[in-house]
Amino acid sequence: MLTLICSVLAAGAVYGALWHSGFAAKHDVWSIVIAATVILAGQIISMLILRKISMKNNMILQGIMEETQKRIQMKQQQFMRRPLSQKQMIAELEKEQAAGIDRMLDALKIFEPLYKWNFMIRKQINTMKMMFAYQKKDFKTVDALMDHCILFDAQSCAMKLARMYVNKADDKALDKFYKRKCLRFKGVESALTASTYAWILVKRERTDMAIQALAEAKARSMDNPVVVKNWEMLVNGKIAHFSNAGLGETWYALQLEAPKMQKIQQQQVRYR
């Protein structure tokens, strides 16, 4: 916002100088063109400066993400040398991931001085905060931030659908959001949003709508196997066989279902 205000003020100052010099009185059109050029130049320069600062800040965030990934990998290697129970290992990895998210959330504060220069930056950071809070299962923060985010990708839109379901949003609001925000996705992104929407419809006993949504999504998702299989199950009345497990982590990240625990077979070691 301040970038535009500063550009307008600069243009006004230039136009005023031209007026006092007598140029504007003789060449009014050219004076307006010059003032408009000053506004445009100011916006471009400001955009380039903000982009440079944002890129520098993003490098800091990238460093934190890489450090967190290394710590998780070190934990996994440690578990290979000294195995724990599966429950303990998952708890340790989740603890390390949560610590990494906390470091990321703290690092996002470096973007705050940029908010007054471009209001879109605040929305972008809110989106990141919302997604991190979702990972931490801090749904109070998620719900508080959701309406102040830019839902630009399939994962964030699927998160919105999931929270609408959990918070018992009415069917009309749910259908409206899906049609307005989710029909633009293609490929695997379309598969995620359509499958999430269909899962909610099935839970709400709106099976006919779920069949229609999946039928329309088959082409957009390029016949994604999860979409096709779920459509076939519903068409044949096998509602209990509807499953989004094939979507993997992108589905389970929505916290609507928990993945089935797989037992780890421990090899017995014989000592001689």
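1. Met130 touches Val142, Leu145, Met146, Cys149, Leu151, Ser156 and Met159, leaving out residues up to four places away in sequence. Touching, or contact, means heavy atoms within 4.5 Å. The model is a predicted one, in which local features need pLDDT of at least 70 and side-chain atom pairs count only at pLDDT 80 or more, while totals for chains, interfaces and linings use all residues. Residues are numbered from 1 along each chain as its sequence is written, and side-chain values use heavy atoms, with hydrogens and water left out.

2. Met130, Leu161 and Leu254 touch the most other members of the largest nonpolar core, which has 45 residues. A nonpolar core is a set of buried Ala, Val, Leu, Ile, Met, Phe, Trp, Tyr and Cys residues joined through side-chain atoms within 4.5 Å. Buried means under 20% relative accessible area, exposed over 50%, and partly exposed in between (1.4 Å probe, protein chains only). Among the elements that give two or more residues to this core are helix 5 (119-135), helix 6 (139-146) and helix 7 (154-166). Helix 9 supplies the largest share, nine residues. Helices (H or I, at least four residues) and strands (E, at least two) are DSSP runs, numbered from the N terminus.

3. Another core, of 12 residues, lies apart from the largest one and includes Ile64, Ala107, Leu114 and Ile121. Ala107 is in helix 4 (residues 86-107) and is buried, at 11% relative accessibility. Leaving aside neighbours within four places in sequence, Ala107 is in contact with Leu61 and Ile64.

4. How do helix 8 (residues 171-182) and helix 9 (residues 187-203) pack? Their axes are 11 Å apart, at an angle of about 170°, which makes helix 8 roughly antiparallel to helix 9. Axes are lines fitted to C-alpha atoms, for helices over the stretch in contact, and angles run from 0 to 180 degrees between N-to-C directions. Angles under 35 degrees count as roughly parallel, over 145 as roughly antiparallel, 65 to 115 as roughly perpendicular and the rest as oblique. Helix 8 makes the contact through Leu174, Asp175, Tyr178 and Cys182, and helix 9 through Thr193, Ala194, Tyr197, Ile200 and Leu201.

5. Zero disulfides are found in the whole structure; a disulfide is a pair of cysteine sulfur atoms within 2.5 Å. Cys182 is buried, at 0% relative accessibility.
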